[in-house]
Amino acid sequence: MKRQQIILIGGGGHAKVIIDAIQAGEKWEIVGVIDAELPLGSKIADIEIIGRDEDVLKIYKKGITHAFISVGSVESTAIRRKLCLNLKEIGFKLPIIIHPSAQVSSFVTIAEGTFISAGAIVQSGSFIKENVIINTGAIVDHDCCIGQFAHLAPGVRLSGEVIIGDDTLIGTGTSVKQNMTIGHHCIIGAGSAVVSHIPDNSKAYGNPCRIHPS
């Protein structure tokens, strides 16, 4: 099967993880990485930096119509959202990238631009919205709903029927009890145990997880 060409947008550490996932599969050929700061011609995980943000239109006109956002998110998804808007205005398609070692039920709905990393598990009935990051070894149990641009950091564990809002970060190793809702634009600190609902725009952490002033 002939591989389809794709460019990556962003050359940081998260890009290395995405490159590994793509190269472990057989669907995509990475043409290069677009990055605002890394020297042109330098390489990240053997993939060349081929341009800046202003070059993506020229690349699209050359016939490369797929792109993937390889910028991670820690405290804000604003950059990822801006990049997504720019790419879609040009006409790029943002595919779903899933590492071959991830276990994803055939009864899961996954929207465009989502990345599911090595060792992740997504169980039946879950709904993953646009541009989500489900990072290394994260577990999403049955019937969860993950909002747009949410990020589940490595080792996160969601029990069944958990709802995660848009633009929310769940920190490394956090566990979330079944039937909990974590709102939009939240940050949940690493290693937390979420056993109650968390409202929108909250910063919370601890075991049990509690809201703390910004």
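1. A salt bridge is a side-chain nitrogen of Lys or Arg within 4 Å of a carboxyl oxygen of Asp or Glu.1. The term stands for a side-chain nitrogen of Lys or Arg within 4 Å of a carboxyl oxygen of Asp or Glu. Asp55 is buried, at 17% relative accessible area, whereas Lys58 is exposed, at 51%. Here buried means under 20% relative accessible area, exposed means over 50%, and partly exposed lies in between (1.4 Å probe, protein chains only). By the salt-bridge rule the count comes to three.

2. The model is predicted: local features need pLDDT of at least 70, side-chain atom pairs count only at pLDDT 80 or more, and totals for chains, interfaces and linings use all residues. Residues are numbered from 1 along each chain as its sequence is written, and side-chain values use heavy atoms, with hydrogens and water left out.

3. Another salt bridge joins the side chains of Asp167 and Arg81, at 2.8 Å from N to O. Asp167 is buried, with 10% relative accessibility, and Arg81 is partly exposed, with a relative accessible area of 31%. The side chains of Glu112 and Lys88 also meet in a salt bridge, at 2.5 Å from N to O. This pair links distant parts of the chain, 24 residues apart: Glu112 is in the loop between β8 and β9 (115-116), and Lys88 is in helix α3. Helices (H or I, at least four residues) and strands (E, at least two) are DSSP runs, numbered from the N terminus. Glu112 is partly exposed at 29% relative accessibility, and Lys88 is partly exposed with a relative accessible area of 44%. In general, side chains of opposite charge can pair when their charged atoms come close.

4. How is the protein chain divided into domains? Domain 1 covers 4-95 and domain 2 covers 97-209; such bounds come from an automatic or database domain assignment. The centres of domain 1 and domain 2, taken over C-alpha atoms, are separated by 23 Å. Across the boundary, 23 residues of domain 1 are in contact (heavy atoms within 4.5 Å) with 17 residues of domain 2. About 1700 Å² is buried between domain 1 and domain 2, and carbon and sulfur atoms give 60% of this area. Buried area is the accessible area (1.4 Å probe) that two parts lose on being put together, summed over both. There are two salt bridges between domain 1 and domain 2.

5. Strand β2 (residues 28-34) is mostly covered, with five of its seven residues buried. Strand β1 (residues 4-9) runs parallel to β2 and is joined to β2 by six bridges; Ile7 stands opposite Gly32 in β2. Two strands count as paired if DSSP finds at least two bridges between them. β2 also pairs in the parallel sense with strand β4 (residues 47-51), over two bridges, and Ile34 has Gly51 in β4 as bridge partner.

6. Strand β3 (residues 43-44) runs antiparallel to β4, and two bridges join the strands. Ile44 has Ile47 in β4 as bridge partner. The hairpin of β3 and β4 has two residues between the strands, and Ala45 in this hairpin takes a positive phi near 50 degrees.

7. An open sheet of five strands has the order β8-β11-β14-β17-β20 and parallel pairing. β8 (109-110) and β20 (181-182) are at the edges with a single partner strand each, so one side of each has no neighbour in the sheet. β8 pairs with strand β11 (residues 127-128) in the parallel sense over two bridges, and Ile110 stands opposite Ile128 in β11. In general, strands of a sheet pair through backbone hydrogen bonds, either parallel or antiparallel.

8. Which members of the largest nonpolar core touch the most other members? Of its 30 residues, they are Ile134, Ile146, Leu152, Leu158 and Ile182. A nonpolar core is a set of buried Ala, Val, Leu, Ile, Met, Phe, Trp, Tyr and Cys residues joined through side-chain atoms within 4.5 Å. Not counting residues up to four places away in sequence, Ile182 touches residues including Ile163, Ile170, Val176, Ile188 and Val194. A second, separate core has 17 residues, among them Ile6, Ala15, Ile22 and Ile97.

9. Ala24 lies in helix α1 (residues 13-24) and is partly exposed, with a relative accessible area of 43%. Leaving out residues up to four places away in sequence, Ala24 touches His99 and Pro100.
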